[in-house]
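Visitor: I have a structure to look at. Please take me through a few of its details.

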Amino acid sequence: MRNTVWAAISLLACTALAQAAPLKVALITSKSHPAFEAYARQTEAGFMLGLEYLTQGTMTVEGRKIVVINKDDQGKPDMAKALLTEAYVDDGADIAVGTTTSGAALAMLPVAAEMKKVLVVEAAVASDITGKFYNRYIFKTSRNSFHDACAGAAATMAPASLAFLAQDNVFGKDGIAAARDCLSKMGSKAKVVHEEYAPPASTDFTAPGQRLIDALKKAPEPRFLVVAWAGSSPVNKLANLQPGRYNITLVPGGNLLPVMKGWSAYAGSEGSLYYYYDFPTNAMNRWLVAEHKKRFAGTPPDFFVAGGAAAASAVVQALRATKGSSDTEKLITAMEGMNFETPKGTMTFRKEDHQAMQPMYHFRIKAKDKQKNEWDLLELVREIPANQLPIPINNKP
């Protein structure tokens, strides 16, 4: 009898120790990528702030201390793939989050499937991540190309002539294809008259800009030149071509705060974006804005900070749902259809493809003389609810 009792006690002690084991989370970003360093650093800052908020500063969930293992893939697909393998195998990561660029994120997907470990994708945008190259171990908190495109379509329902300038990469081509699809599905009366794709590192936009203007100036009014660009925006260089001579309005689209800070010249122009610190009115966003200003010289959080915090929320909520278990199958069961709170409000992982469904925002650029401070750049036209964005499910053959 005594042996049986001691065996039971030993078993309980081992179970308690196992439950108290640290939860290892690998956070992979592209901090050394020349164009996307800011995106990566924002994601990391947002992830850590999100964990702090959600655990009330304890960095512990269900009795398990959260240990974050940071890795830099430099935006290189091969390196991203190798680092994710290293995280799962050598570092013993229970779950991984990443990465910044779509090309690198796509390279990581097969690793998660091979290792049978959950990968939360943040901040890469490409819709193929939860579409053509989807696997059941992938959960995507970041928006996809259709979120951008359908939000843009929602802001452009009236008759108009549109021309697009985008980067000649996965992000750019995916985005414009999605824009055409959303305009059609949502019944917009706007018509796409031209597309231009330029190398991501371009600095001279004279030739593509002139082709866009030539196509638009022959089209019916109103005429909009829409810029879908990650990184340093070419909007000001396009403005130097004076599209206004032909009643062509530049539509910048959402970007980082320092970029949008130079857009007061386009006051009154409207567009859509993933996040702007002053739009959501929930408790998590209020805390994030206040803390970010406190810790980062008075600057409000940018949209990749919000994305990092959303990824943190997904991880914490999943662990709470499994009572602290990091067993992959239990995590998947918990995360499919899971609601979790973010700076944008509630997101939901769609069961069919694990894409986080979320609202977007229709904005108007403020004039300089209407700004209350240096970061008071946009006014909210309306929040576009998740259920008004027809994001397709593209992971089926």
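This is a predicted model: local features need pLDDT of at least 70, side-chain atom pairs count only at pLDDT 80 or more; totals for chains, interfaces and linings use all residues.

Guide: Residues are numbered from 1 along each chain as its sequence is written, and side-chain values use heavy atoms, with hydrogens and water left out.

Visitor: Is His-362 buried or exposed?

Guide: Buried means under 20% relative accessible area, exposed over 50%, and partly exposed in between (1.4 Å probe, protein chains only). His-362 has a relative accessible area of 7%. His-362 therefore counts as buried.

Visitor: Which residue forms a salt bridge with Arg-364?

Guide: A salt bridge needs a side-chain nitrogen of Lys or Arg within 4 Å of a carboxyl oxygen of Asp or Glu. Here the N to O distance is 3.0 Å. The partner of Arg-364 is Glu-270.

Visitor: How far apart in the chain are Arg-364 and Glu-270?

Guide: Arg-364 lies in strand β15 and Glu-270 in strand β11 (residues 270-273). Strands (E, at least two residues) are DSSP runs, as are helices (H or I, at least four), numbered from the N terminus. The two residues of this pair are separated by 94 residues.

Visitor: How accessible is Arg-364?

Guide: Arg-364 counts as partly exposed. Its relative accessibility is 26%.

Visitor: How many salt bridges are found in the whole structure?

Guide: One of them joins Asp-168 and Lys-173, at 3.1 Å from N to O. A search of the whole structure gives a total of 21.
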